[in-house]
Amino acid sequence: DLNLDAVRAGRNIYGKERMNLNFVADGRSLPFKENCFDAIVSQDVFEHLPDKKGAVLVLEEMGRVLKSDRGKMVHKITVLEDAVHIHADPSHKIKWMADEWNTFFTSRGWGVLENPTRHFPIMSNTSYGNFLIQRAA
């Protein structure tokens, strides 16, 4: 996250366990070597990017640091179906339907495996905006 306050809030919510890595960085240039993570989780990141080009760059950079043979990503994105929240935050720049995000991922070589809503307890009643992806075979 670029927002230090958001990183602090995440640490307060999810703890400071060794396996939880929270850092401030630009998603277009992550400070890690290639193929170093088994999984990546982003929560409320993509909709805050300035445009589709920025989303492509961040996805590519996440893919660079993800282990290519088995890595998966989970993305929680505020989507257009969530009319209350998508318009309530002026920092939401990309306002796409869930199907548009599916197309975004699949057109870049990622398979959308399932809707991982159950992994987000605070979003358990929301069936959209959660994407579990893995490189397509």
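Modeller: A salt bridge is a side-chain nitrogen of Lys or Arg within 4 Å of a carboxyl oxygen of Asp or Glu. This is a predicted model, in which local features need pLDDT of at least 70 and side-chain atom pairs count only at pLDDT 80 or more, while totals for chains, interfaces and linings use all residues. Residues are numbered from 1 along each chain as its sequence is written, and side-chain values use heavy atoms, with hydrogens and water left out.

Biologist: In what order do the elements of the protein chain run from the N terminus on?

Modeller: Helices (H or I, at least four residues) and strands (E, at least two) are DSSP runs, numbered from the N terminus. The protein chain has four helices and four strands. From the N terminus on, their order is α-β-α-β-α-α-β-β.

Biologist: Which residue forms a salt bridge with Asp38?

Modeller: Asp38 lies in the loop between helix H1 (4-14) and strand S1 (39-43). Its partner lies in the loop between helix H2 (52-65) and strand S2 (72-76), so the pair ties together parts that are 29 residues apart in sequence. With the closest N and O atoms 3.1 Å apart, the partner of Asp38 is Lys67.

Biologist: Is Lys76 buried or exposed?

Modeller: Buried means under 20% relative accessible area, exposed over 50%, and partly exposed in between (1.4 Å probe, protein chains only). Lys76 forms a salt bridge with Asp44, the closest N and O atoms being 2.6 Å apart. This pair links distant parts of the chain, with Asp44 in the loop between S1 and H2 and Lys76 in strand S2, 32 residues apart. Asp44 is partly exposed at 28% relative accessible area, whereas Lys76, at 7%, is buried.

Biologist: What share of the contacts in the protein chain with a separation of 6 or more comes from residues 24 or more positions apart?

Modeller: A contact means heavy atoms within 4.5 Å. Among contacts in the protein chain with a separation of 6 or more, the share from residues 24 or more positions apart is 62%.
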